[in-house]
Amino acid sequence: MKLSRRHLLAAGTAAVAVSAAPAHAAPERAPAGGRKLRTGFERLAADGYALLDGQRVGVVTNPTGITRDVRHIVDVMHADDRVDLIAVFGPEHGFRGTAQAGGSEGRYDDPATGLPVYDTYLKSGQPLADIFTASGVDTVVFDIQDVGARFYTYIWTMFDCMEAARLAGKRFVVLDRPNPVTGRAALGPVLHKEFATFVGRQPISQAHGMTVAELAELFNGEFLTSPVRLETVRMSGWKRSDFYDASGLPWVPPSPNMPTPETALVYSGTCLFEGTNLSEGRGTTRPFELVGAEGIDGRWAAAANELGLAGVRFREAYFTPTFSKFQGKTVGGVQVHVHDREAFDPVRTGIGLLVSAKRTWSGFAWRPDNWIDKLTGSTLVRTLIDSGAGVDEVVAGWQEELGEFRDVRRQYLLYR
């Protein structure tokens with residue numbers, strides 16, 4: 001993989017940092033070390049929305065776009081005369097979050113505010129640019145909580161909206177939020193462009209270790225046809241080593257199957273089971289922590305534990321999904337228990353579970369459409385595991401490309 005950074009970004013690109021706290025903010029809980037994290041929205045509001053002055057504004061958001069006193073930013077801005085908010089753009093699952101995976105809310109008027117809500121899901125390029133034009137906005141604002149994995153679709157909603165804003169001649173503003181699983185490292189295989197889909201548009205690693213504002217800067221500098229007029233509003237009080245519980249912020253599930261920050265911790269590894277005939281735990285109270293299928297017994301948990309994967313143990317588990325794979329059937333498998341999140345490598349763990357499942361359960365199979373290749377970004381993982389490779393050999397297969405991505409990624413990091 002070759003990534004060449006554009007050293008000269010558009011003159012309008014900037015990283016905005018505002019310092020004071022909004023007057024209406026609820027009392028803040030201090031993260032570890034006494035630091036007070038403020039999100040991009042909090043800093044935007046603290047500055048009296050100066051960045052949006054004189055602009056007709058549309059917001060790309062979902063239920064995670066909240067203040068720390070759990071009011072939605074759309075409701076807050078709509079009630080504030082300093083913001084000319086005229087439209088909302090909903091991603092997968094919708095603006096208010098009423099749709100399941102692979103669904104959206106369509107076009108409607110929001111009952112709470114009367115604002116028109118436009119559907120962005122699975123829209124890109126000129127059709128999405130036409131929606132921005134028809135809405136009448138001057139500036140598109142993005143504020144959605146990400147979970148740190150390449151195949152979580154909100155970052156590609158952002159990418160598509162950036163490209164569409166460029167085509168429509170709109171300004172694009174990203175309000176930053178924490179990466180809940182830290183920003184310490186990029187992990188896993190890097191996408192090959194021939195495998196690009198909505199679960200991975202561009203060659204980044206499986207666990208990217210970046211915030212949405214950092215990703216926006218990366219997308220603008222490396223992947224857009226030409227740069228959009230981008231401005232990012234950084235957080236204050238966030239460090240790359242912080243997990244979500246250090247933020248003091250409430251957690252809102254970004255999607256129905258991402259109920260807790262602990263789900264996000266394992267997701268970039270165990271989501272790979274979407275590419276197999278095993279349940280990835282959808283339809284349970286512990287999606288992506290429970291994995292299994294009919295016919296699996298305790299031998300899988302034992303084999304997974306024998307791998308000695310850092311920071312994690314596996315418990316023999318039985319569960320009955322209420323929807324998705326094996327709906328209404330009792331299946332056997334494992335529950336992933338992370339006991340040392342500092343040492344835990346979710347992608348290596350996902351590979352270890354795939355390798356051990358294939359070796360211990362004769363019924364193991366990839367999805368017939370080879371969806372695993374879309375999730376991992378190439379044929380590498382599937383073909384190596386099919387050839388009998390172990391965890392170390394599979395992980396070694398992506399290290400060169402990962403090193404190249406890490407070099408590019410480093411140029412766009414906004415926090416220490």
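In the predicted model, Phe151, Tyr152, Tyr154, Tyr267 and Phe288 are joined into a cluster by ring pairs. Within this cluster, the ring centres of tyrosine 267 and phenylalanine 288 lie 4.9 Å apart with their planes at 90°, so the pair is edge-to-face, the angle being over 60 degrees. Tyrosine 267 belongs to helix H6, whereas phenylalanine 288 lies in the loop between H6 and strand E11 (290-293); the pair thus connects distant parts of the chain, 21 residues apart. Both tyrosine 267 and phenylalanine 288 are buried.

Across the whole structure, the search identifies 16 aromatic pairs. One of them is formed by phenylalanine 159 and phenylalanine 219, in an edge-to-face arrangement with a centre-to-centre distance of 5.3 Å and an angle of 90° between the planes. This pair also links distant parts of the chain, with phenylalanine 159 in helix H4 (residues 154-168) and phenylalanine 219 in helix H5 (residues 212-223), at a separation of 60 residues. Phenylalanine 159 and phenylalanine 219 are both buried.

Helix H6 (residues 261-270) also packs against helix H8 (residues 346-360): their axes come within 6 Å and cross at roughly 50°. H6 and H8 are therefore oblique to each other, and their crossing is right-handed. On the H6 side, the contact is made by Leu265, Val266, Ser268, Gly269 and Thr270, and on the H8 side by Pro346, Val347, Gly350 and Leu353. Classified by residue type, the contact of H6 with H8 comprises 5 nonpolar and 4 polar residues, with no charged residues.

Notes:
Residues numbered from 1 in each chain as written. Predicted model: local features only at pLDDT ≥ 70, side-chain atom pairs only at ≥ 80, totals over all residues. Heavy atoms only, no water. Axes fitted to C-alpha atoms, helices over the stretch in contact; angles between N-to-C directions. Helix = DSSP H or I, 4+ residues; strand = E, 2+ residues; numbered from the N terminus. Parallel < 35°, antiparallel > 145°, perpendicular 65-115°, else oblique. Left-handed = near helix turned anticlockwise from the far one by under 90°. Contact = heavy atoms within 4.5 Å. Nonpolar A, V, L, I, M, F, W, Y, C, P; charged D, E, K, R; others polar. Phe/Tyr/Trp six-rings, centres within 6.5 Å; stacked < 30°, edge-to-face > 60°. Buried < 20%, exposed > 50% of the residue type's maximum accessible area, 1.4 Å probe, protein only.
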